[in-house]
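This report walks through one protein chain for a reader who is new to structures. Please look at the model below before reading on.

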Amino acid sequence: MSKISYHDLKRQTLKRFRFFGSGRYVHLTKQGHYLQGLSPFHLEKTPSFNIAPEKQIYKCYGCRAGGNAIQYPMGVEGYTFVEAVKELAKETGVPLGIDENT
Ligand SMILES: [Zn+2]
């Protein structure tokens, strides 16, 4: 299997990742074009956490956290970039094709 760069992987992953629609970390409800739920980054009673599935970005209006599909597991789980990419690749079935020994 040929190696692909992290840049390519990120693009592929972002494209194929159905983002947090599955509610892996947060229970989300659909609000028009957005998905809304309680922020995974802090305690709150009123949902201020928003996901734009089309743009594959998230934004919390409570704590100002925001980012993309890769930054999300980094923020929530404390993954490094590489760990986050691997986790997303596993979840979405994107072949990694990266030599893990390097
Ligand atoms: Zn928040």
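Gln-56 is found in the loop between E3 and E4, where helices (H or I, at least four residues) and strands (E, at least two) are DSSP runs, numbered from the N terminus. This is a predicted model, in which local features need pLDDT of at least 70 and side-chain atom pairs count only at pLDDT 80 or more, while totals for chains, interfaces and linings use all residues. Residues are numbered from 1 along each chain as its sequence is written.

Gln-56 has a positive phi of about 55 degrees, although it is not a glycine. Most residues other than glycine have a negative phi. The hairpin of E3 and E4 has four residues between the strands. Gln-56 is partly exposed, because 18 other C-beta atoms lie within 10 Å; a residue is buried with 20 or more other C-beta atoms within 10 Å of its own, exposed with 12 or fewer, and partly exposed in between, with C-beta atoms placed from the backbone.

Arg-64, which is not a glycine either, has a positive phi of about 70 degrees, and it is found in the loop between E4 and strand E5 (66-68). Arg-64 counts as exposed, because it has 9 C-beta neighbours inside 10 Å.

## The sheet

Three bridges join strand E2 (residues 34-37) to E3, and four bridges join E3 to E4. Asn-50 in E3 is the bridge partner of Gln-36, and Asn-50 also has Lys-59 in E4 as a bridge partner. Ala-52 has Ile-57 in E4 as its bridge partner.

## The core

E3 has a covered face, with Phe-49 and Ile-51, and an uncovered one, with Asn-50 and Ala-52. Which residues have the most contacts inside the largest nonpolar core? They are Ile-70, Val-85, Leu-88 and Ala-89, in a core of 15 residues. Strand E3 (49-52), strand E4 (57-60) and helix H3 (81-92) each supply at least two residues of this core, and the largest share, four residues, comes from H3. A nonpolar core is a set of buried Ala, Val, Leu, Ile, Met, Phe, Trp, Tyr and Cys residues joined through C-beta atoms within 7 Å.

How values were computed: Two strands pair if DSSP finds at least two bridges between them.
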